[in-house]
Amino acid sequence: AIATLLIATFAIKSSGKTGIDGMTAAIAVGSVICIIAAIAGDTSQDLKTGYLLGATPKKQQMGEMLGVVVSGLAIGGVLYLLDAAWGYGTAEIPAPQAQLMKMIVEGIMGGNLPWGLVFVGVFLAICLEILRIPVMPFAIGLYLPIYLNATIMIGGIVRGLLDSRKGVDEKTKTAQATDGTLYCAGMIAGEGLVGILLAIFAVVGISLDMSGVVNLGNIGGVVLMIIMILSLLKFSIWRKKKA
C-alpha cells in the first residue's frame with residue numbers, strides 16, 4: 001500500500017492535479033490497494049477454514065461477499081464514530097499508519113518528503129531480508145507507539161519461552177499455543193468493543209474519567225500486565241496440563 005501510495009502520488013502530481021484534490025485521489029488509490037491486499041489475505045485464510053469445515057464453493061463465496069459488505073458498512077460507521085468522539089491524530093487515537101500515509105502524500109505534493117529517511121528504510125529492509133530477519137515485525141516496531149511495542153514484545157517473549165521448552169512434545173505445544181492465541185484474540189476483540197462503547201459515551205457526553213478517584217499509576221499497570229500473563233497461562237498451559 002505504501003509503495004502504491006508513493007507511485008500514485010507521483011503520477012497524480014505529474015498530471016498537474018495538486019492540492020487537496022490530488023492528495024485525496026492519492027489516498028483513495030492507496031486505500032483501494034490496501035483493502036485489496038487485506039481482503040486477499042483474509043480470503044486465503046477463510047478458504048482454508050472453509051475447506052477444513054467442508055464448505056461448498058457456492059456457500060463459501062456467499063459468505064465472503066456477505067463478510068465484505070457487512071464489515072465495510074460496520075467499519076465505515078465506526079470510523080465516523082471515532083472521529084466524532086476524539087478525532088484522529090490525538091492522544092486517544094494516534095493512528096500511526098494513517099499519519100504515515102498523510103506524511104507521504106503531503107511530502108510528495110509539497111516537495112519536502114525526507115527521501116533520505118525513505119531510502120535508509122529501503123536499504124535496511126533489503127539488509128534484513130538478506131539476513132533472513134522478518135522485515136514486517138521490525139518495521140512495525142519502528143513506527144508504533146512504545147506502549148504498543150512493549151505489549152507486543154512481552155507477548156513475543158511469552159510465546160518464545162513456551163516454544164523453547166524441553167520435554168514437551170510438539171502436539172502439546174501446538175495445542176497450548178492455539179488456546180493462547182484464541183485467548184489473546186478474545187482480549188483484542190474485547191478491547192476493540194470497549195473502545196467503541198467509550199466512543200459512544202464520549203459522543204453523547206457521558207464522562208467515565210476515574211483518574212481523580214482511582215489512579216493505579218505505573219506500578220498498577222505492571223501488576224495488571226502480570227495478571228493478564230498469568231490468566232493467559234491459566235487458559236493455555238495449566239489447563240492443558242490438568243486435562
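The following dialogue covers how to read several features of one predicted structure.

Me: What kind of model is this, and how are its residues numbered?

Reply: This is a predicted model, in which local features need pLDDT of at least 70, side-chain atom pairs count only at pLDDT 80 or more, and totals for chains, interfaces and linings use all residues. Residues are numbered from 1 along each chain as its sequence is written, and side-chain values use heavy atoms, with hydrogens and water left out.

Me: How many helices and strands does the chain have?

Reply: Helices (H or I, at least four residues) and strands (E, at least two) are DSSP runs, numbered from the N terminus. The chain has nine helices and zero strands, which gives the pattern α-α-α-α-α-α-α-α-α along the sequence. Its C-alpha trace spans about 70 × 50 × 45 Å along the principal axes.

Me: How is burial judged, and what percentage of the chain is buried?

Reply: A residue is buried under 20% relative accessible area, exposed over 50%, and partly exposed in between (1.4 Å probe, protein chains only). Of the 243 residues in the chain, 18% are buried. K58, in helix α3 (residues 57–85), counts as exposed because its relative accessibility is 64%. The C-alpha atoms of K58 and T4 lie 33 Å apart in space, the two residues being 54 apart in sequence.

Me: Which residues form the largest nonpolar core?

Reply: In soluble globular proteins, nonpolar side chains tend to be buried together. A nonpolar core is a set of buried Ala, Val, Leu, Ile, Met, Phe, Trp, Tyr and Cys residues joined through side-chain atoms within 4.5 Å. The largest has eleven residues: L5, L6, I12, M23, A26, M101, I104, V105, I108, M109 and L113. At least two residues of this core come from each of α1 (2–14), α2 (19–53) and α4 (96–110), and the largest share, five residues, comes from α4. Apart from this core lies another, of six residues, among them L81, A85, I93 and A95.

Me: Which residues does I108 touch?

Reply: Contact means heavy atoms within 4.5 Å. Not counting residues up to four places away in sequence, I108 touches L6, T9, F10, K13, L113 and W115. Across the chain, 62% of contacts between residues at least 6 apart in sequence join residues at least 24 apart.

Me: Which contacts does I229 make beyond its neighbours in sequence?

Reply: I229 lies in helix α9 and is partly exposed, because its relative accessible area is 22%. Leaving aside neighbours within four places in sequence, I229 is in contact with I154 and V158. G180 is 49 residues from I229 along the chain, and their C-alpha atoms are separated by 10 Å.

Me: Where is A95, and is it buried or exposed?

Reply: A95 is in the loop between α3 and α4. Its relative accessibility is 16%, so A95 counts as buried. A95 is not a glycine, although it has a positive phi of about 45°.

Me: Where is R132, and is it buried or exposed?

Reply: R132 is found in the loop between α5 (115–130) and α6 (135–143). With a relative accessibility of 79%, R132 therefore counts as exposed. R132 also has a positive phi, of about 60°, and is not a glycine.

Me: Which residues line the largest cavity?

Reply: Rolling a probe the size of a water molecule over the atoms shows where empty space is left. On a 1 Å grid over the protein atoms alone, a cavity is a set of points where a 1.4 Å probe fits but cannot get out, and lining residues have an atom within 4 Å of a point. A search of the whole structure finds one cavity of 30 Å³ or more. The lining of the largest cavity consists of R159, L162, D163, R165, K173, Q176 and A177, with at least two residues supplied by each of α7 (146–163) and α8 (170–204).

Key: On a 1 Å grid over the protein atoms alone, a cavity is a set of points where a 1.4 Å probe fits but cannot get out, and a pocket is an open set with protein on both sides within 12 Å along at least five of seven lines; lining residues have an atom within 4 Å of a point. Grid points are joined across faces, edges and corners, and a volume is the space filled by probe spheres set on the points.
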